Amino acid sequence: MLFSTIQFFIAALLSVVCARVLGVSEGDIPLVAVLVPALWLIQKRSVASVVFFISVLAYGLTLPHQPITLSVSVWILFPLMMVIFSKRSNLIAVAVAMLIVITLQAGIMTTQDAGKLEGSAMMTLLQTVSVIMMWWSASHWKPRTQHRWWVLLLLLPLWVAQFTYGILFALAVIGIMSTLDNLLKIKTFKWGNLLCWTLPTVGFAALVISPQVEVPNSVFVVWLCLLGTAWITDYILQSAEYNEEI
């Protein structure tokens, strides 16, 4: 249990590293640095793997065109998707939560179209869909004992070109995935659920408290609303399940 707890905190720390790297670099991360962790992780002959890779590719392409705070904040959809598509959920919870997501994201895109927020509305839509598809892929992901370590050789050109931020980002993401692999094998505690809540929250919080990054009010409010929606929905569903058992 102690070793698992240490791994959990390492994963949380690495999520902070990823967020800070994105913030300092302003999203100027080489696409290969985004794809290397995906290639390291994906399984052969799997629909989920193909969807995951395409989603990561699409997300990576949007990074230079979006405010980095918005690119990081959209990961809060992971715990929300986990909650509304859990076994205890129902159609009403899914419909209400998705309506809230659509409304909030539409508000962000409208703000971008009005020129009050940097970035593109189409890129925001693409990021939202990409993260949702990544969650779907992750929900069908099974821990593996073997990975494609040879893909780390793809980082050599970045080292030669002195893209330090790209290398650091790729290694940090691989570290998070490796930790997830180990923790998901433990059946005595739901580390996956805890990490699904923790990593997006800690990563965005690292940007909020960073003096080098300015978080737009609209982005912070939408992120807070999505987090609140996930938490309230989870609380209601757990309470309903508990009452049914009584």
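1. Burial. Of the 246 residues of the protein, 48% count as buried. The model is predicted. The accessible surface comes to about 13,300 Å². Carbon and sulfur atoms hold 69% of that surface.

2. Fold content. The secondary structure is 11 helices and zero strands. Along the sequence the pattern reads α-α-α-α-α-α-α-α-α-α-α. The radius of gyration is 18 Å, close to the 18 Å that the globule rule gives for 246 residues, so the protein is as compact as a globular protein of that length. The C-alpha trace spans about 60 × 50 × 35 Å along its principal axes.

3. Contact range. Take the contacts with a separation of 6 or more: residues 24 or more positions apart account for 79% of them. Two specific cases follow, at Arg-88 and at Pro-216.

4. Salt bridge. The count comes to one salt bridge. Arg-88 forms it with Asp-234, and the closest N and O atoms are 3.5 Å apart. The pair links distant parts of the chain, 146 residues apart. Arg-88 sits in the loop between helix 5 (77–84) and helix 6 (91–113), while Asp-234 belongs to helix 11. Are the two partners buried or exposed? Arg-88 counts as partly exposed, at 30% relative accessibility. Asp-234 has a relative accessible area of 16%, so it is buried; the cut-off for buried is under 20%.

5. Pro-216. This residue lies in the loop between helix 10 (191–208) and helix 11 (217–245). Its relative accessible area is 23%, so Pro-216 is partly exposed. Leaving aside residues up to four places away in sequence, Pro-216 touches Thr-69 and Leu-117. Glu-118 is 98 residues from Pro-216 in sequence, yet the C-alpha to C-alpha distance is 9.6 Å.

6. Helix 2. Residues 31–41 form a mostly covered helix: eight of its 11 residues are buried. The buried residues are Ala-33, Val-34, Leu-35, Val-36, Pro-37, Ala-38, Trp-40 and Leu-41. What covers them? The cover includes helix 3 (47–62), helix 8 and helix 9.

7. Nonpolar patch. Trp-150, Leu-153, Leu-154, Leu-156, Trp-159 and Val-160 make a nonpolar surface patch of about 710 Å². Leu-153 is one of these residues. Its place is in the loop between helix 7 (121–139) and helix 8. Leu-153 is exposed because its relative accessible area is 56%, and the cut-off for exposed is over 50%.

8. Gln-162. This residue has a positive phi of about 60 degrees although it is not a glycine. Where does Gln-162 sit? Gln-162 is found in the loop between helix 8 (156–160) and helix 9 (164–184). With a relative accessible area of 67%, Gln-162 is exposed.

9. Aromatic pairs. How many aromatic pairs does a search of the whole structure find? The search finds 10. Ring pairs also link Phe-8, Phe-9 and Trp-191 into a cluster. A pair of aromatic rings is described by the distance of the centres and the angle of the planes.

Note on methods: Residues numbered from 1 in each chain as written. Predicted model: local features only at pLDDT ≥ 70, side-chain atom pairs only at ≥ 80, totals over all residues. Heavy atoms only, no water. Helix = DSSP H or I, 4+ residues; strand = E, 2+ residues; numbered from the N terminus. Buried < 20%, exposed > 50% of the residue type's maximum accessible area, 1.4 Å probe, protein only. Phe/Tyr/Trp six-rings, centres within 6.5 Å; stacked < 30°, edge-to-face > 60°. Patch = residues over 30% accessible without salt bridge, like charges linked within 9 Å, V, L, I, M, F, W, Y side chains within 5 Å. Areas by Shrake-Rupley, 256 points an atom, 1.4 Å probe, with all protein chains shown as cover. Salt bridge = Lys/Arg side-chain N within 4 Å of Asp/Glu carboxyl O. Rg over C-alpha atoms; globule rule 2.2 N^0.38 Å. Contact = heavy atoms within 4.5 Å.
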